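Look through the structure shown below, and keep it in view while reading.

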Protein chains: 2
Amino acid sequence: MTYCIGMRLDRGLVFMADTRTSAGVDNFATSKKMFTWEIPGERAITIMTAGNLATTQSMISLLEERSKAVDDRDPSILKATTMFQVARLVGATLKEVIADSSPNGQSAGEQFSASVIVGGQIADGQPTIFMVYPEGNFIEITADTPFFQIGETKYGKPIIVRAYDADMSFEDAVKLLLVSFDSTVKSNLSVGLPFDLHLYEADSFSTARQLRIEADDPTYAAISSGWGDALKDAFRQLPSYPL
Amino acid sequence: MTYCIGMRLDRGLVFMADTRTSAGVDNFATSKKMFTWEIPGERAITIMTAGNLATTQSMISLLEERSKAVDDRDPSILKATTMFQVARLVGATLKEVIADSSPNGQSAGEQFSASVIVGGQIADGQPTIFMVYPEGNFIEITADTPFFQIGETKYGKPIIVRAYDADMSFEDAVKLLLVSFDSTVKSNLSVGLPFDLHLYEADSFSTARQLRIEADDPTYAAISSGWGDALKDAFRQLPSYPL
């Protein structure tokens, strides 16, 4: 499993992904699920992946044109003129990889399936995020649905629904995502630290603000242990049910 | 879908079940999922069900011996001498119903599958709860796993894990379950009010303390709206992530 969130704020986009990959509880490893591309001052694109690792790695390699000799590479993801075109390209590539792997060709076979979040900004466009399905189609983020999740999405959703605010700061957004990831990590062994974080400031056209939050990160530890106490306090504030 | 929780406290057992049954979003109804049996002063048994409604209703009818003429009914669930025997009886009945419905006989076919929580107390025994699987086998509650959930379990789990305390009052336990149910109702359309509640006081051997929490219940409304604010307060208490 996996857990990734892409969230749109007034001030930009926030992406966070865990890094645990597993084929059963006795076979797990750390694998990057967040990938970025940029042309400084012109475009910044972030992709996060969930699902079959062979599928997602192959998709990323095709997008980076690793099938070509180094000198011939000229990834079309850096040529698309809008984020919508980027999403179409990602969807077509994902669908192609799944079809190549599946014995029955066309079907988005469960076994080889994957989902993708792709977001960013290209000059003259707004920052936006798309969720791409294994069939190659996709949906775009809106004001009513300001975040997308892929992977193990349920445990960490209620807190985002309650505490999200479009004009929150990056600091608060990261705190919110860490709470959401913490609830997920505590409930599903196949989601694990470290987490990759990318903060994209609107109109910056730069992917520079990235960091990896390690398992021993002191602020994450404080948020994780503090959240239990804070929840208990919140719980005490509520009225009791009269019996 | 469905959401039911059975929880063991020092002072007894708490059971809560939603009542929404659906076969697609355009075909839903209210259906009771909590059933109780008692012999005053001697035993009190509660069963909650999730899964295929034909399967669970048939299982309950067999347990109540509705296949017999009214005068001949003498449900063996009222004869079993221990809760372990009750769980075996429930498991065997559930397995039998699923096998009867499935075209392939033996297999616990997805389509006809169901899960059951059965709890209570029989004289000379302790209050306890079992979770019964569609294959007819079952597990018992322990101090390390003091609650069982069936149905749509993920959204409402993190708050129980954080706020459960074995010596909490019934009032607090109901509040906790309402918060958990509220998170689930807000995320899954197939879980809905009213909720059925049964509080079993240890050594009371009575199923008298039952009530139905309706959609317009004022305390539930206060807990539901208050929880959003309380969560935001809790969230503000946490340290921000330094960027």
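B:Cys4 is buried in this predicted model, because its relative accessible area is 0%, and buried means under 20%. A:Cys4 is buried as well, also with a relative accessible area of 0%.

Helix 2 of chain B covers residues 83-101, which makes 19 residues. At 1.5 Å a residue it should span 27 Å, and its end C-alpha atoms are 27 Å apart, so the two values agree. Which residues of this helix are buried? They are B:Met83, B:Val86, B:Ala87, B:Val90, B:Gly91, B:Thr93, B:Leu94, B:Val97 and B:Ile98. Seen down the axis of helix 2 of chain B, these buried residues fall within an arc of 165°, so they line one face of the helix. On the other side of that helix, B:Arg88 and B:Asp100 are exposed.

Next come the empty spaces. Rolling a probe the size of a water molecule over the atoms shows where empty space is left. The largest pocket holds about 510 Å³ of space. Its lining has 22 residues, and those nearest the centre are A:Met1, A:Ala50, A:Gly51, A:Asn52 and A:Leu53. Strand 3, strand 4, strand 6, helix 1 and strand 7 of chain A each give two or more residues to this lining. By class, seven residues of the lining are nonpolar, twelve are polar and three are charged.

The second largest pocket holds about 310 Å³. It is lined by 14 residues, with B:Met1, B:Thr21, B:Ser22, B:Gly51 and B:Leu53 nearest its centre. In chain B, strand 3, strand 6 and helix 1 each supply at least two residues of the lining of this pocket. That lining consists of four nonpolar, eight polar and two charged residues.

How many cavities of 30 Å³ or more does a search of the whole structure find? It finds two. The largest cavity has a volume of about 160 Å³. Of the 14 residues that line it, A:Pro158, A:Ile159, B:Pro158, B:Ile159 and B:Ser183 are the closest to its centre. Helix 3 of chain A gives the largest share of this lining, three residues. Eleven residues of the lining of the largest cavity are nonpolar, two are polar and one is charged.

The second largest cavity has a volume of about 30 Å³. A:Pro158, A:Val161, A:Arg162, B:Ser183, B:Lys186 and B:Ser187 line it.

Notes
Residues numbered from 1 in each chain as written. Chains lettered and ligands numbered in written order. Predicted model: local features only at pLDDT ≥ 70, side-chain atom pairs only at ≥ 80, totals over all residues. Heavy atoms only, no water. 1 Å grid on protein atoms, 1.4 Å probe; cavity = no way out; pocket = protein on both sides within 12 Å on 5 of 7 lines; lining within 4 Å. Points joined across faces, edges and corners; volume = space filled by probe spheres on them. Helix = DSSP H or I, 4+ residues; strand = E, 2+ residues; numbered from the N terminus. Nonpolar A, V, L, I, M, F, W, Y, C, P; charged D, E, K, R; others polar. Buried < 20%, exposed > 50% of the residue type's maximum accessible area, 1.4 Å probe, protein only. Expected span 1.5 Å × (residues − 1). Arc of directions from axis to C-beta.
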